[in-house]
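Have a look at the sequence and structure first.

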Amino acid sequence: MPLNPKSSQQSSDFIRAMVAEDMRTGKYAGRVVTRFPPEPNGYLHIGHAKSICLNFGIAEENEGGVCHLRFDDTNPELEDIKYAESIQHDVRWLGFDWHDQLFFASDYFERLYRYAVKLIEDGNAYVDSLSDEEIREYRGTVTEPGRESPYRNRSVHENLDLFQRMRAGEFEDGAHVLRARIRMDAPNMVMRDPVLYRIRHASHYRTGDEWCVYPLYDFTHCLSDAMEDVTHSLCSLEFKDSRELYDWVLDAAGIERPRTEQTEFARLNLDYTVVSKRKLVRLVNEGHVRGWDDPRLPTIAGLRRRGVTPEAIRQFCDLIGVAKVDSRIDIGKLEFCVRDNLNKQVPRVMCVLRPLRLVILNYPEDQTEEIDAPYYPHDVPKEGSRKVPFSRVLYIERDDFQEDPPSKFFRLAPGREVRLRYAYFVKCVDVVKDADTGEITEIHCTYDPETKGGGSASDGRKVKGTLHWVSAGHSLPAEVRLYDRLFVKADPEETAGGEDFTAHLNPHSMVTLRESRIEPSVAGDAPGTRYQFERQGYFCSDSVDSTPDALVFNRTVGLRDTWAKVAAKERDPVGSAKKKDGTRRAKHKTSDAPSAVDSETPEQSAAVARFVGQGVAADDARILARDEVLSGIFDEAVRVHSNPAAVAGWVVNELRRELKHTAATDLPFTGKQLGALAALVDDKTISRTMAKGVFAEMVERGGEPGDIVERRGLRQQSDPSALEPIIDKLIAAHQDKVAQYKAGKTGLLRFFVGQVMRETEGRANPAVVSESVRQRLS
RNA sequence: UGGCCCCUCGUCCAAUGGCAGGACUCCGGCCUUUGGAGCCGGCAAUGGUGGUUCGAAUCCACCGGGGCCAACCA
């Protein structure tokens with residue numbers, strides 16, 4: 001099945017799930033506002049397309065959702081109006097519409113400045129006069145804390161004065177910066193008093209010379225989102241660390257919740273190419289490719305010029321999904337989408353890439369026929385045909401003839417008969433060679449007039465091959481550019497010994513064929529028209545270089561080529577089978593015993609001993625000993641319920657998880673209450689499963705476990721006779737599963753138990769259910 | 001002597017603590033005036049070790065592996 005066109009609406013990923021959840025809970029009062037925030041300093045590429053499809057897609061899928069196009073244009077030295085224009089063009093070409101939601105961060109400069117003033121007034125920002133090298137030095141490293149700038153404690157008054165004078169243009173570039181006052185020993189480097197504003201006496205493409213102080217990303221982005229009432233600010237994984245600052249700035253600016261929240265997803269990486277603005281710039285500037293729209297580049301402009309459709313790109317983005325794992329996508333998936341899309345919509349036409357003359361000896365010299373050839377095959381529901389001239393002298397593909405063919409070669413060879421597509425059967429009767437070089441220059445054939453139109457022969461004989469062709473005298477000369485992967489290595493950035501990624505450039509990424517011949521029907525077609533050249537691939541006329549007098553075509557993607565695989569196998573029966581790319585992700589087979597505890601203080605060792613003495617498992621004891629909060633709660637709980645092993649289990653396995661995103665002081669229940677919960681399980685009042693539900697409520701809202709059990713009416717059902725009817729019903733409803741279970745798929749036991757647990761809302765005793773089901777099905 | 005994130009078929013993405021599933025690729029077969037398309041079928045995975053649990057891909061720990069962070073870029 002080709003991809004369901006609606007699948008983008010049906011597909012769900014963790015971000016869409018989050019948006020749906022926010023809609024359900026009414027967090028943003030039913031609003032969904034996303035944004036695509038490019039910096040106008042380069043051209044869009046396929047990686048951006050993923051973000052565009054995500055952001056605009058989510059807006060489209062939700063009632064009333066909108067997606068803003070916002071230019072993050074805060075760096076006057078790199079940005080240009082031409083980029084802003086091309087980006088808008090590319091987004092539209094991809095099929096998305098921001099309606100009137102077009103924004104520029106540069107329009108917010110005045111408001112951002114006022115926020116900066118507020119930060120200064122509140123003591124949350126200061127003017128630093130260290131040089132850039134000094135700032136770097138003071139920042140420390142990932143393993144060492146930074147040091148505070150000597151200017152960190154300037155008075156609010158002085159900061160305000162300096163900042164105002166920075167804006168007024170009194171200082172040179174780099175003389176001062178505005179920094180957030182957070183802390184210089186933060187483990188997250190981003191939080192070490194980040195720079196918020198810098199001085200740049202540079203003309204901005206939109207604000208001209210109005211400003212000489214420009215805000216930086218971390219300050220601008222979150223506030224821009226907030227000013228636009230964005231709800232879901234989606235960005236790529238490398239901004240994970242920035243989120244803490246994103247929230248800090250919004251807090252400092254006094255933006256109230258509910259407000260924009262940042263969520264990170266994995267950026268797109270593609271095999272055998274690079275998707276990074278900086279690397280693309282190098283390829284263009286160093287002349288490795290012919291420009292930003294070189295068809296070998298994964299830029300939107302390059303893909304467009306190559307003939308890739310926007311639908312194919314959207315389908316691709318839908319296919320690859322959205323997740324948090326850094327991944328590298330098989331370029332074959334893009335090719336699949338391109339073929340799938342083009343197959344259903346482009347006309348077929350015949351073009352001979354590497355011509356070989358074929359003369360039909362028994363066809364009259366002065367005769368020409370106009371053969372009616374449909375534009376689409378039987379399985380593409382589109383209409384239309386054109387006339388293709390047929391004559392005594394034709395060109396066929398050089399690869400379609402072999403003098404001494406291997407067994408599975410179905411094409412033309414001495415004495416062999418094949419079909420010429422839409423025309424006649426021809427049989428090879430002679431091969432003409434160049435006397436000097438021995439190169440085949442011409443094939444002589446006879447044709448069977450009975451087989452016109454490609455039907456079968458009157459005597460019922462069959463041919464195995466069908467060849468495309470053009471008439472030598474009527475066909476048009478054409479230049480055809482064949483593209484291949486830009487790099488020879490799946491991950492070009494993986495380099496050794498001082499090389500850089502350009503070392504892996506594929507020298508044959510573009511092959512130009514200048515002798516190709518194409519049927520005359522394409523003569524008047526507009527530049528950029530897409531075709532399938534039958535038996536070859538999908539092509540389009542080059543929108544830049546193709547002229548009516550000198551046709552130029554780009555190969556978008558080749559057809560799937562089964563023959564190439566067969567041929568490869570014939571040449572190398574073993575090698576091709578195991579030919580695999582060696583760059584797959586490293587798998588690691590290491591067995592290792594849990595190692596001895598790393599540096600433990602004497603106090604901790606003593607605590608471990610104490611816990612173990614109480615009966616706590618050694619691993620759990622170590623975890624408790626390392627964390628005062630945990631051990632405090634543990635001690636408190638044990639006083640209520642003296643089963644230290646069980647209590648430790650609750651603390652280590654359940655509580656620890658919650659403390660990852662909730663501060664211990666915010667926990668709405670006490671150690672005593674946790675102990676009470678453990679007691680309820682141990683005295684069999686409730687099952688473990690129910691207890692987890694109770695625990696979840698305690699985390700959510702707090703409360704005495706006994707009360708929760710009471711209110712919910714929780715009581716474990718362990719009486720087999722009470723459970724039997726439910727099990728019977730289930731078995732009756734899932735006869736297919738029963739059969740599978742009896743056939744040996746024992747994993748289904750879990751399915752049945754799970755169903756009963758669901759049915760009874762966790763009240764059934766799973767051990768009893770399990771045993772009961774097992775007996776019933778045996 | 002850091003912090004954060006991540007680890008499921010070859011690839012990409014799924015799976016309330018309860019049947020490990022889909023797509024791409026690959027391999028067969030059918031069909032075919034494109035060695036295309038289509039149809040049918042097949043191969044193929046939870047990084048490791050412990051723990052919690054009636055039940056773990058999912059929760060906890062440790063180990064291993066990968067990624068991001070030290071621009072006055074975004």
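Let's start with what's tucked away in helix α26: Val-768, Val-769, Ser-770, Ser-772, Val-773 and Leu-777 are buried. Bear in mind that this is a predicted model. Those buried residues pack against α23 (720–733), α24 (735–742) and α25 (748–759).

**Helix α26**

- The helix covers residues 766–777, so to speak a run of 12 residues.
- From its first C-alpha to its last, α26 reaches 16 Å, close to the 16 Å expected at 1.5 Å a residue.

**The open sheet**

- Four strands make up an open sheet, and its order is β4-β5-β6-β7 with antiparallel pairing.
- At the edges sit β4 (125–128) and β7 (213–215), each pairing on one side only.
- On average, neighbouring strands of this sheet are turned by 20° against each other, direction ignored.

**Strands β6 and β7**

- Strand β6 (residues 195–199) pairs with β7 in the antiparallel sense, over three bridges.
- If you want a spot to look at, Arg-198 stands opposite Tyr-214 in β7.

**A helix across the sheet**

- Helix α5 (residues 109–121) lies across β4, β5 (177–180), β6 and β7.
- Relative to β6, α5 runs at about 120°.

Conventions: Residues are numbered from 1 along each chain as its sequence is written. Chains are lettered from A and ligands numbered from 1 in the order in which they are written. This is a predicted model: local features need pLDDT of at least 70, side-chain atom pairs count only at pLDDT 80 or more; totals for chains, interfaces and linings use all residues. Side-chain values use heavy atoms; hydrogens and water are left out. Helices (H or I, at least four residues) and strands (E, at least two) are DSSP runs, numbered from the N terminus. The expected span of a helix is 1.5 Å times one less than its number of residues. Buried means under 20% relative accessible area, exposed over 50%, partly exposed in between (1.4 Å probe, protein chains only). Contact means heavy atoms within 4.5 Å. Two strands pair if DSSP finds at least two bridges between them. Axes are lines fitted to C-alpha atoms, for helices over the stretch in contact, and angles run from 0 to 180 degrees between N-to-C directions.
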